[in-house]
Amino acid sequence: MSYLAVDDLQAVVARAKSIEGVIVDVEPSPFGDGMMALIRDPLGAGFTCDDGPGIDSKGDGSEYGRMVWNELITSDIAGVEAFYQTVLGLTLVPDDDYGGARVKLLNPKGEEIAGIQAVPEDQRSSKVYWMPFFSVDTLAAFNPRVDAAGGEIASLRSHGGGYDSAICFDN
């Protein structure tokens, strides 16, 4: 599950409920030193909002198995753009490297915190979802472990500069 930090969880949930198609699966509930809520955007991708002091889970990619990035894999960027702007106060900036198929999500401080990518159904399955990225040594070494564990590699991509990624599903 992907977590997004917010300052005022009650206000975020109220704004979310005002948008058609949005589902609040878990109402604000105690979580650590703060509160959390599980929200599904208008196309159905779920994520957790947290107003606590934060979870230290994101790394720089150098530690095997550590989460390094979050990306919303969706069918339609325009279908969720207003939601993320209105509900979370995020700014969406086109990523010129993807020819209109990806935007960067910036927090109110202007920091890039995630991305949204329009991915064809044959590469993402029939669902839309927030996808955390985890650091591995190499995909060549990792992919056989996915197969051995009964998982499925849905897509492999090379991004250049020594950065490759795989979309994996458990079965």
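In which sense do strand E2 (residues 23-31) and E3 pair, and over how many bridges? Select both strands. They pair in the antiparallel sense over six bridges. Two strands count as paired if DSSP finds at least two bridges between them. Helices (H or I, at least four residues) and strands (E, at least two) are DSSP runs, numbered from the N terminus.

Before moving on, note that this is a predicted model: local features need pLDDT of at least 70, side-chain atom pairs count only at pLDDT 80 or more, and totals for chains, interfaces and linings use all residues. Residues are numbered from 1 along each chain as its sequence is written, and side-chain values use heavy atoms, with hydrogens and water left out.

**Stop 1**

Pick Pro30: its bridge partner in E3 is Met35. Then pick Phe31, whose bridge partner in E3 is Gly34. Two residues lie between the strands of this hairpin, and Gly32 takes a positive phi near 60°.

E3 and E4 pair in the antiparallel sense over five bridges. Ile39 has Phe47 of E4 as its bridge partner. Five residues separate the strands in this hairpin, where Gly44 takes a positive phi near 105°.

Now colour E3 by burial. Buried means under 20% relative accessible area, exposed over 50%, and partly exposed in between (1.4 Å probe, protein chains only). Five of the seven residues of E3 are buried, so the strand is largely enclosed by the rest of the structure.

**Stop 2: the four-strand sheet**

The open sheet of four strands runs in the order E1-E4-E3-E2, with mixed pairing. Strand E1 (3-5) and E2 are the edge strands, each pairing on one side only. The twist averages 25° from one strand to the next. Angles run from 0 to 180 degrees between N-to-C directions, with axes as lines fitted to C-alpha atoms, for helices over the stretch in contact.

**Stop 3: the five-strand sheet**

Select E5 to E9. Five strands form an open sheet in the order E6-E7-E8-E5-E9, and the pairing is mixed. At the edges are strand E6 (91-94) and strand E9 (129-134), each pairing on one side only. Here the twist averages 30° from one strand to the next. H2 packs on this sheet too, touching E5, E6, E7, E8 and E9, and its direction makes about 135° with that of E6.

Zoom in on strand E5 (residues 67-74). E5 and E8 pair in the parallel sense over four bridges. Leu72 has Ile116 of E8 as its bridge partner.

**Stop 4: the cores**

A nonpolar core is a set of buried Ala, Val, Leu, Ile, Met, Phe, Trp, Tyr and Cys residues joined through side-chain atoms within 4.5 Å. Select Ile39, Phe47, Tyr84, Leu88, Ile116 and Trp130: of the 28 residues in the largest core, these touch the most other members. H2 (78-88) is one of the elements that each supply at least two residues. H2 gives the most, with five residues.

Centre on Leu88. Contact means heavy atoms within 4.5 Å. Leaving aside neighbours within four places in sequence, Leu88 is in contact with Leu4, Val6, Val12, Phe47, Cys49 and Phe83.

Last, find another core, which lies apart from the largest one. This core has seven residues, among them Ile73, Val119, Phe133 and Ile167.
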